[in-house]
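Me: I'd like to learn how to read a helix and a nonpolar core in a model. Could you walk me through one?

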Amino acid sequence: MPAALAGPLERIRSALSTISLGQKVVIGLLATGLVLGGFFFYRWITAPTYAPLFSNLASTDASAIVDELNAAGVAYELADGGGTIMVPNEQVYDLRLSMSGKGLPAGNDTGYALLDEQGITTSEFQQQVTYQRALQDELSATLESLEGVRTAVVHLALPEEEVFASDEAEPTASVLLDLAPGTSLDSGQVQAVTNLVSSSIEGMDPEQVTVADAAGTVLSAPGQGVTAAAGDARSQLEQDYEDRLAANAQAVLDPILGPGRAKVSVRADVDLDQRSTTSETHTYEEGTPPISSSTTTEEYTGNGAAVGGILGPENQADAGAGAGDSAYNKESTTANNAVGTTVETVEGAPGRINRLTVSVVMDEAVAGNLNQAQIQQLVGNAVGLDVARGDDITVAAMEFDTTAADAAAEELAAAEEAERQAQMWSLIKTGGIALGIALLVLVVWLRSRRKDEDEEEDYEALELADDVMAELDRIRIESTRAVPVVDNAALELEAAERARVRGEISSMVSEKPDEVAAMLRGWLSESGVK
């Protein structure tokens, strides 16, 4: 063993020989804990961070990529049911380039990437079909980005453009959506799907888009509009209005009867039809001068009497009848007066209330002495009841069934008690562990202290001769410093004297081993302090 290691190892062995067994056990446990903690910390520090390599993969593409990763010896993890492959973060970009060079994933050649594969010999029909496929794939990718949509399939029916056709067919589209479990689309989301598809195709009307889910439910169809949850907007508006009125009435009853002692139900008939009314009114104010006026005068003066007399043959007047002068005068005036015209257009917003019906039931145990007429008036004012409109309210006092409430209260109390018991046992367990560790440390410390005191009391001072003490001091000093290089002749001269002294020391060790060991430990401790 090298001399540089002999000294430290000897000191360690000497230090271990001076401590008790309990102290050795504690030191061993601490050392083991440090080693294990360092090992796990190193594993945590050196563990690779995984990042997605590809997501939303088809099963064939995922299988091919996994085979390539296994062949390359790259660690990976699968997520999202095998649709996402995770690899170490520092290898993501290199692996993507490597997989792309091998044509993986094959499903990426969709959308407008299809147009890159056309050659100079591609026919017009092939170009049209490829363009249509590219549009379908791009729309599918867009719809799959919506929350709750796992996959989307879009089919387009694009009419051929004809130069001399007078009536062109309208483009149509059909969309099939595979929704995530427990997910449903409301009318607004279905309308968003139809608008996204129709806005992407030139000349397509949103009504020409058919939307269905994987279960075969038609969500939107031409001529029917949004059929999914038909009337969702109407129902939601009515429900919100009814809840708001019921909350107003409940806020009045709870301070009087107490929480849970009354229940209010409101049914609202809401008119959600939108109307537009245009009216035109003409007014004229007296004294207003006319915008324009015209006067026409006709005058006539002549000889002879007016035609008259007895009719002759064939109903002709007798020419000889009548004689004398005649005159004719006519005057007419036309005035264009200023007339005010008012055109009023009224847009009727939906939401007019046709009728309200309110039902109030109170717990008979607390509502027996209350005036129901006052309760009816209070609730009617809270919800804005209008009798002239046909609104109606009913107030009744009945016995409430509190079985479910009592059972829920008992379950809640049992859960709280179980939680308190669990917390108490957790504290007891933690305290017991801490107390056990403290007792173990205390016992080890008391035992080591008692052993030290016993050693000090049992061993008496050992009286040695001067030459023996000198030899022992020389051995102790030489053991704590490097061994100098001496001449062999000097060693031979001192050999006889050392042999005699060592003989006496050996006999003393054999006769009184405990005293000699205690003295040597004291010297070692002194040399360690120095």
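Me: Happy to start with a helix. At the start of α9, which backbone nitrogen does a side-chain oxygen of Asn 371 reach?

Reply: Bear in mind that this is a predicted model. The nitrogen is that of Ala 373, and the side-chain oxygen of Asn 371 comes to within 3.0 Å of it. At the other end, α9 is followed by Gly 384, which has a positive phi, near 75°.

Me: Which residues of α9 are buried, and why do they lie on the same side?

Reply: The general idea is that an α-helix has 3.6 residues a turn, so residues three or four places apart point the same way. Here the buried residues are Ile 375, Val 379, Gly 380 and Val 383. They are on the same side of α9 because they cover an arc of only 130° around the axis. On the other side, Gln 377 and Asn 381 are exposed.

Me: And how do I read the core?

Reply: In soluble globular proteins, nonpolar side chains tend to be buried together. The largest nonpolar core here has 23 residues, and Val 266, Val 358, Val 360, Met 362 and Val 379 touch the most other members. Elements giving two or more residues include β9, β14 and α9, while α7 gives the most, with six.

Me: Which residues does Val 360 touch, leaving out those up to four places away in sequence?

Reply: Val 360 touches Leu 253, Lys 263, Val 264, Val 379, Thr 394, Val 395 and Ala 396. A second, separate core of 20 residues includes Ala 152 and Leu 156.

Notes
Residues numbered from 1 in each chain as written. Predicted model: local features only at pLDDT ≥ 70, side-chain atom pairs only at ≥ 80, totals over all residues. Heavy atoms only, no water. Core = buried A, V, L, I, M, F, W, Y, C linked by side-chain atoms within 4.5 Å. Buried < 20%, exposed > 50% of the residue type's maximum accessible area, 1.4 Å probe, protein only. Helix = DSSP H or I, 4+ residues; strand = E, 2+ residues; numbered from the N terminus. Contact = heavy atoms within 4.5 Å. Arc of directions from axis to C-beta. Polar contact = N/O pair within 3.5 Å; in protein donor to acceptor, adjacent residues only side chain to side chain.
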